Amino acid sequence: MFKLRNHTQFGHHKGWLVFTVAVLSLALVLSLNAGSPKLFAEISWLDILGEGSIVLLTLAWILSALASRPPGKVTRYIVIGLGCILFSASLDLLDEFLRYPPASHWLSMIESFPAVVGMLVMTGALYLWHHEQRAINIQLRRREWDYRDHGEIDPITQLYRGEYWQARAAAFQESGGNGYVAIIDINDFSYFNERYGQAEGDRYLHEVAQLLIMNLRQQDLACRYAGDRFALLLPDVCETQAYNIVKQICISIEHVAFRHQASAEAIYTSARAEVAQLTPVSHLPNILRGMLGKLEKGQRTAA
Ligand SMILES: Nc1nc2c(ncn2[C@@H]2O[C@H](COP(=O)(O)OP(=O)(O)OP(=O)(O)O)[C@@H](O)[C@H]2O)c(=O)[nH]1
């Protein structure tokens, strides 16, 4: 089976992992050098619970940022910001175990400053993150509309599944939108699988998904409806435009020379499609049923 690897990003962040350990070590060394252990009776376990939780959660945030984000400016600022907060939180926790002589009071006096710096850096990081996310949203535009739910992404095509498409189409209708919907079906895909194998079939579906995205406008949406069927949502187009878009996609699919992994053999396929109008008053399940029924019968109206 065609599998997309979903590794963590830790491998790219060895330096930041060392930085995190260094922050914790520095807090420990400074505190141990300056203070002496408190008596057991002097220790407030409730404070330790609260402050220890802050240290652990900040550490968990750093690790999740490093696990999920690629290297770059935003990641750097997030880790520096959280690192400063971690430093303050660690000093705060350690002074629950240690008593400082008057000469070392500076340590408990300065312990909150790194947290303030960290929060300022985090504010900058969130601002940059906002800009980064806007750029990513544009990249994702034809795959994702105004709603994100990573659980609904199909791992083979990296498109959202049919349920997502239906929900977006219904929301589009509710907002008063007019447009067209289409279902594209790859012809004889079961034969493709039989001849070239399931893994190649998966790879082919992945490639078709890329092709759909390439052929759509920024405001359109492509999803994997099910199996070898893809669903499109085309807002604000007239009938001719909708049919043209879908027809051109089918022509593109026919012209793809898909290369088998084991040989340089070019594999050509074809697709058929059904197109229907979507208005605020149309009944989406009926429209869908109609399009799927026609596809079943093998009528080739759009392609
Ligand atoms: N490789 C692969 N095949 C899939 C996947 N999901 C469904 N299929 C296959 O897609 C094929 C769909 O079969 P059919 O609905 O008969 O479609 P078809 O063979 O294209 O026939 P027509 O649509 O009538 O041309 C089946 O063989 C499924 O096993 C998938 O995720 N990966």
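Predicted model: local features only at pLDDT ≥ 70, side-chain atom pairs only at ≥ 80, totals over all residues.
Although Asp 236 is not a glycine, its phi is positive, at about 50 degrees.

Asp 188 is exposed, with 12 other C-beta atoms within 10 Å.

The domain assignment divides the chain into domain 1 (10-140) and domain 2 (150-296). The centres of domain 1 and domain 2, taken over C-alpha atoms, are 47 Å apart. According to the unreviewed UniProt entry, the annotation "transmembrane region" covers residues 16-36, 48-67, 74-94 and 106-129. Residues 16-36 are 90% helix and 5% strand, and the end C-alpha atoms of this span lie 31 Å apart. For residues 74-94 the corresponding separation is 30 Å, and the span is 100% helix and 0% strand.

An open sheet of five strands is present, in the order β3-β5-β6-β4-β9 and with mixed pairing. β3 (160-161) and β9 are the edge strands, each of which pairs on one side only. β3 and β5 run parallel and are joined by two bridges; Arg 161 has Arg 224 in β5 as its bridge partner.

Strand β6 (residues 229-235) pairs with two strands of this sheet. With strand β4 (residues 179-186), the pairing is antiparallel and extends over seven bridges. With strand β5 (residues 221-226), the pairing is also antiparallel and extends over five bridges. Arg 229 of β6 is the bridge partner of Asp 185, and Ala 226 also stands opposite Arg 229. Two residues separate β5 from β6 in a hairpin, and Gly 227 in its turn has a positive phi of about 50 degrees. Six of the seven residues of β6 are buried, so this strand is largely enclosed by the rest of the structure.

The ligand is surrounded by 14 residues, the closest being Asn 187, Phe 189, Ser 190, Gly 201 and Gly 227. At least two residues of the shell come from each of β4, α7 (189-196) and α8 (198-215). The largest share, four residues, is supplied by α8. By class, the shell contains four nonpolar, six polar and four charged residues.

Asn 187 also takes part in the contacts of Thr 269, which touches Ile 186, Asn 187, Phe 192 and Ile 253 when residues up to four places away in sequence are not counted. Thr 269 belongs to the loop between β8 (266-267) and β9 (271-278). Thr 269 has 17 other C-beta atoms within 10 Å and is therefore partly exposed. Phe 258 is 11 residues from Thr 269 in sequence, and the distance between the two in space is 8.5 Å, C-alpha to C-alpha.

Note on methods
Residues numbered from 1 in each chain as written. Buried ≥ 20, exposed ≤ 12 C-beta atoms within 10 Å, placed from the backbone. Pairing = 2+ DSSP bridges. Contact = placed C-beta atoms within 7 Å. Domains from an automatic or database assignment. Near = placed C-beta within 6 Å. Nonpolar A, V, L, I, M, F, W, Y, C, P; charged D, E, K, R; others polar. UniProt positions renumbered as here; feature names shortened; annotations may be inferred.
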